[in-house]
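Here's a quick briefing to read alongside the picture. Have the sequence and the model open, and hop between them as you go.

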Protein chains: 2
Amino acid sequence: MVRAGLTAERLALAGAELADEVGFEQVTVSAVARRFGVTVASLYSHLRNSQDLRTRIALLALDELATRAADALAGRSGRDALTALANVYRDYAREHPGRYAAAQLRLDPATAAASAGVRHARMIRSILRGYDLTEPDQTHAVRLLGSVFHGYVSLELAGGFDHSAPDTQETWTRILDALDALLHTWPPPDPRPAPPPPPTPR
Amino acid sequence: MVRAGLTAERLALAGAELADEVGFEQVTVSAVARRFGVTVASLYSHLRNSQDLRTRIALLALDELATRAADALAGRSGRDALTALANVYRDYAREHPGRYAAAQLRLDPATAAASAGVRHARMIRSILRGYDLTEPDQTHAVRLLGSVFHGYVSLELAGGFDHSAPDTQETWTRILDALDALLHTWPPPDPRPAPPPPPTPR
DNA sequence: CTAGGCTGCCTAAAACCTTTAGGCAAACGC
DNA sequence: GCGTTTGCCTAAAGGTTTTAGGCAGCCTAG
């Protein structure tokens, strides 16, 4: 009986490949076992359960993405850094849609805190050093950038922009132009009376 | 034998409630059957399969969301319309996280075209009538607004903003301020040489 | 170099979800 | 009232998840 040499890391990597091929939703402990030519039960020596597998794939994706982002940011600042980072996210999602989906998995707080997610937040913040923002505006801007990057990439990947006319590449470029301009002239709070608070769910 | 009075619509509604309670991922044909006190097989007279159930929940959510959005937009324009629409998305996601997640389900093109998704696109575009944008900038702006709304709401819901300091309500308001300002002064294309095209996946 | 133990993958089995096929009884139309 | 349609049922097969227990390959010690 030849041993397959399974490890949690190898399983996560195989799961990531599978996710890119058939979608993160379809990644299952059984499917990964099949890919290794091994019975399902064998995987449970390496994984606590199927959520554990999904979590490991998510962590792998977050880490890969952070590494690419760090590489892209090296030596750049201001608008160059902004577009470089934005393109890392977009390109990664196009090359590895399954892994990108995995990176959106909701992690429990402890796992999230130990993940590469915090590196992502720091990198977005580092971009803002090229603009003249102080706290708390810097945090607002970090959240805006995160929202635009994630929102755009998700919608584009989901085919949300397929119907209408202009090329998505053109839109992407113009959005980055707009963000750059916005960060240069970050507006002060609007002086009008605060709107009534939103209906908070009970 | 008392009939339960199942219809596809009722099943979708029950599925939506279930999604809000336990998460869209956990919504299963079996769970919905259980909720009606009925055997699983009975549901297959009303649903083609489990994907059909999920799709119906997604369509229900998209429709509810579009109705709320239309109500909120009535009689408003410019910045008021912008914040009203944005708050509809955010509030809906907070009140109905499961349905909001369902609304992100990837639909096949035909279903998507017949869904309330197109109403959403039209409403975002209607907001831009309050600003001075012409095509193709209007489409770019529609995509930016969609990205920010969806991206922010997703990240907030996923707990992505839980760690850092400023209140998310404050950030949300300031982001809407910033978008309003940006739409008033939508920048022309950056004249610098176009970046090399992104590595397109083969 | 061989004996022991550890580890890795196995078989077996229970629980649950999905989906199809076929049956019986309630509801509806005439 | 009678027949047809329809709605929910039982039965069953196939897939995924997870646990328990076993056997053999590999590593280490003597």
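This is a predicted model: local features need pLDDT of at least 70, side-chain atom pairs count only at pLDDT 80 or more; totals for chains, interfaces and linings use all residues.

Residues are numbered from 1 along each chain as its sequence is written, chains are lettered from A and ligands numbered from 1 in the order in which they are written, and side-chain values use heavy atoms, leaving out hydrogens and water.

**Aromatic rings**

- Over all chains, the structure holds 6 aromatic pairs (Phe, Tyr and Trp rings, using the six-membered ring of Trp, with centres within 6.5 Å; planes under 30 degrees apart are stacked, over 60 edge-to-face, the rest tilted).
- Tyr152(A) and Trp172(A) make a tilted pair, because their ring centres are 4.7 Å apart and their planes sit at 35 degrees.
- That pair links distant parts of the chain, 20 residues apart: Tyr152(A) is in helix 9 of chain A and Trp172(A) in helix 10 (residues 168–184) of chain A. Helices here are DSSP runs (H or I, at least four residues), numbered from the N terminus.
- Tyr152(A) is buried too, at 0% relative accessibility.

**The nonpolar core**

- The largest nonpolar core has 89 residues, and Phe149(A), Leu179(A), Phe149(B) and Leu179(B) touch the most other members. Such a core is a set of buried Ala, Val, Leu, Ile, Met, Phe, Trp, Tyr and Cys residues joined through side-chain atoms within 4.5 Å.
- Which residues does Leu179(A) touch, not counting those up to four places away in sequence? They are Leu82(A), Leu144(A), Leu145(A), Val148(A) and Phe149(A), where contact means heavy atoms within 4.5 Å.

**Cis peptide bonds**

- Glu135(A) and Pro136(A) are joined by a cis peptide bond, with omega about 0 degrees.
- You'll find Pro136(A) in the loop between helix 8 (117–127) and helix 9 (137–157) of chain A.
- In chain B, the peptide bond from Glu135(B) to Pro136(B) is cis as well, with omega near 0 degrees.
- Pro136(B) has its place in the loop between helix 7 (117–127) and helix 8 (137–157) of chain B.

Notes: Buried means under 20% relative accessible area, exposed over 50%, partly exposed in between (1.4 Å probe, protein chains only). Helices (H or I, at least four residues) and strands (E, at least two) are DSSP runs, numbered from the N terminus.
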